[in-house]
Amino acid sequence: MILGISIVIFVLVEGILIFSILRYRERPGTPNPFQNHGNLKLELVWTVIPTLVLFVILFFTIRGLLYVAPENEPAATAAQPRIEVTAIGHQWWWEFYYPNYNVTTADTLEVPVGTTVHVNLFSNNVIHSFWVPALTGKTDLIPGHANTKWFVAEKQGTYTGICAEYCGTQHANMRFNVKVVNNDDFKSWMSTQQQAASAPTDPLAQKGADLFKNQCASCHGIVGVNLKQFYNTAQECTDLPGGKPNGSPQCLIGPNLTHFGSRSLIAGGVLDNNTENGNCDPNNPKLKEQCNLAKWLNDPQGIKPGNDMNIGSLTNEQIQQLVAYLEGLK
Ligand code: CUA
């Protein structure tokens, strides 16, 4: 509506301007134009009309604001269940923590259909904004300030979410998915997520596990390896009142990787975890071209310049070992 009004005014004003420039341009022998010092009637017209137009726009703006104003979050009932999640904005990826289940994941927020999802929003660095256009509007994550929002997904499916507040060079690559599943699928997914990682039996993956402990464990956590349990980054690692200061030993910089192999997105949502068709089979001769995890391990700064993943260069064997280990963490 506002766009329509603006187009009409734009075309009218620019049209008259261009017409005047062409029609009344200076030509040889043209006398000086008529000098006019004010015209009350004209000035009233071009003051009153824009004022009226702005009031019309104001009316529709206020109506739109009332229309999108959030309703109160429904009370949790048997008919309208509710789950709580904590979304933590990092530079540049999303961490999701389920306080009632003590589970941490990254890049994909999995929720049951028809359930009120109460989202606690935290950031321990800069302002981000949580936005899933098909499900809910934008709400900022502000360092030192607890924000919340809620939404209900009525249909199963996968919905794209993005960060909607400029937060640094990779702001555009701070994406996530909201995966809406039925209640049974949610429960079985959750019970898998609650398990600690089991030690690998495959020799290649065992080497990958050693490599993880030596090279990755200072930034990434795996429950059962270098973490005793999932932890709430929001409480442990933000400067919120009552929270521990940044730098507490559990404040790992990178995503918790406990069930990495079960995730559909990696690298802060910019790559699919494309394990289908044997892409990420460690013996795939084209592993580094076909498996996104291998690509990422090979050159994280080339894929997402400026991110915190600074692992130096890995040999092909090391990449094979890490792929075998991490993709095995279902
Ligand atoms: Cu986070 Cu933009």
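**View 1. The annotated transmembrane region profile at residues 1–72.** In this predicted model, residues 1–72 carry the UniProt annotation "domain: Cytochrome oxidase subunit II transmembrane region profile", which comes from an unreviewed entry. The span is 71% helix and 0% strand, and its end C-alpha atoms lie 28 Å apart.

**View 2. The two stretches annotated as "transmembrane region".** The UniProt record, again an unreviewed entry, places this feature at residues 6–24 and 44–66. Residues 6–24 are 95% helix and 0% strand, with 26 Å between the end C-alpha atoms.

**View 3. The annotated copper A binding domain at residues 80–192.** UniProt gives this span the feature "domain: Cytochrome oxidase subunit II copper A binding", also from an unreviewed entry. Over residues 80–192 the chain is 56% strand and 9% helix, and a distance of 25 Å separates the end C-alpha atoms.

**View 4. Two backbone details, at Trp92 and at Asp107.** The peptide bond that leads from Gln91 to Trp92 is cis, with an omega near 5 degrees, and Trp92 is found in the loop that joins β1 and β2. Asp107 is not a glycine, yet it has a positive phi of about 70 degrees; this residue is placed in the loop between β3 and β4 (108–112).

**View 5. The contact between domain 1 and domain 2.** The domain assignment divides out domain 1 (82–182) and domain 2 (203–327), and the contact takes 29 residues from domain 1 and 28 residues from domain 2. About 2,100 Å² of area is buried between the two domains, and carbon and sulfur atoms give 54% of that area. Across this interface the rule finds zero salt bridges, whereas it does find six residue pairs in polar contact, counted where both residues are at pLDDT 80 or more.

**View 6. The side of domain 1 that touches domain 2.** The elements that give two or more residues to this side are β1 (82–90), β2 (93–98), β3 (103–106), β5 (116–123) and β10 (175–181). Of these strands, β3 gives the most, with four residues. When the residues on this side of domain 1 are divided by type, 15 are polar, 11 are nonpolar and three are charged.

Note on methods. Residues numbered from 1 in each chain as written. Predicted model: local features only at pLDDT ≥ 70, side-chain atom pairs only at ≥ 80, totals over all residues. Heavy atoms only, no water. Domains from an automatic or database assignment. Contact = heavy atoms within 4.5 Å. Buried area = accessible area lost by both parts, 1.4 Å probe. Salt bridge = Lys/Arg side-chain N within 4 Å of Asp/Glu carboxyl O. Polar contact = N/O pair within 3.5 Å; in protein donor to acceptor, adjacent residues only side chain to side chain. Nonpolar A, V, L, I, M, F, W, Y, C, P; charged D, E, K, R; others polar. UniProt positions renumbered as here; feature names shortened; annotations may be inferred.
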